[in-house]
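Thanks for making time this morning.

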Amino acid sequence: MRTVYVNGDYLPESEGRVSIFDRGFLFADGVYEVTTVLDGKLVDFDGHAARLERSLRELDMPMPMTRDALLEVHHRLVAENDIDEGLVYLQVTRGAADRDFAYPAEETEQTVVLFTQAKPGLAKAPEKGLSVDLQPDLRWGRRDIKTVQLLYPSMAKMAAKRAGHDDAWMHEPGGTITEGTSNNAYIVKGNTIVTRQLGNEILHGITRAAVLRLAREAQMKVEERAFTVEEAQSADEAFVTSASTFVMPVTSIGGKAVGDGQPGRIAGRLREIYLDEARAKAL
Ligand code: PLP
């Protein structure tokens, strides 16, 4: 049985308890982070801690503990659960209060929960690329805040799976793609990597930031702009990034093969350099 962290306590997972009045439960009034573990170490912990602080600030919530205390909780859970490859999930909510749309007037005790998931083989080279479906982006307008309000991405992923795909890329009324259900989306045309610019419309991926920096350092051309479904379907390559998939090739978009239908060369190269750096700098 896993050991989980709940509000200061390390407990067997079956003993973790959160109030039925928790605003995370009642209003999705909470944010989360997922940090990958490779070789028993945390990948880009500081990037995730910084985004957590930003998400909380956007919702008028403080950080529940210092960066060092948070790192200590992550390390203890990784050690106690003997995680070599996997992830640490963290969720912070505004805590329990009598149900009301307004944030509670009195500061509530935040709920802080962390647990691990073992994922042996996480960093193995993918055998094939992903097939992504196209789904309308029906999420709210503050996708830059990493809230636990994930029902629409979950519905979109299920619709994609029912149609025989691995995942979905979501698109707006004008036909531009925002991102995947739980990853950032990229296409490659010639030697140019194109991905949606930062804004309220997408999550500011921690992996995205690292991959774009590494691509520029490797003299690849990067354009951060909106791209359309048509552009994506006529691209030479496509891929997604996220903490737990790193760089993952996409070989089919909305039923159309991308390029020659095989995982792309640039995606493969970026995965290698990303994983090299992730392992070298992990804490
Ligand atoms: N976009 C969305 C909607 C996500 O949910 C995620 C990760 O969960 C990402 C992008 C990728 O972000 P990161 O690289 O920080 O994992």
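This is a predicted model: local features need pLDDT of at least 70, side-chain atom pairs count only at pLDDT 80 or more; totals for chains, interfaces and linings use all residues.

Is phenylalanine 21 buried, partly exposed or exposed? Phenylalanine 21 counts as partly exposed because its relative accessible area is 42%, where buried means under 20%, exposed over 50% and partly exposed in between, with a 1.4 Å probe and protein chains only. Residues are numbered from 1 along each chain as its sequence is written, and side-chain values use heavy atoms, with hydrogens and water left out.

Phenylalanine 21 sits in the loop between strand S2 (9-12) and helix H1 (23-27), these elements being DSSP runs numbered from the N terminus, with helices (H or I) of at least four residues and strands (E) of at least two.

Now to the ligand. It is surrounded by 17 residues, the closest being Arg51, Glu179, Ile206, Thr207 and Ala243, and a residue is taken as near if one of its heavy atoms lies within 4 Å. Strand S9 (176-180), helix H5 (206-217) and strand S14 (237-242) each contribute at least two residues to this shell.

As for individual distances, a ligand oxygen lies 2.6 Å from a side-chain N or O atom of threonine 207, one lies 2.8 Å from a polar backbone atom of isoleucine 206, and one lies 2.9 Å from a polar side-chain atom of lysine 146.

Conventions: A polar contact is a pair of N or O atoms within 3.5 Å; within protein, one must be able to donate a hydrogen and the other to accept it, and residues adjacent in sequence count only if both atoms are side-chain atoms.
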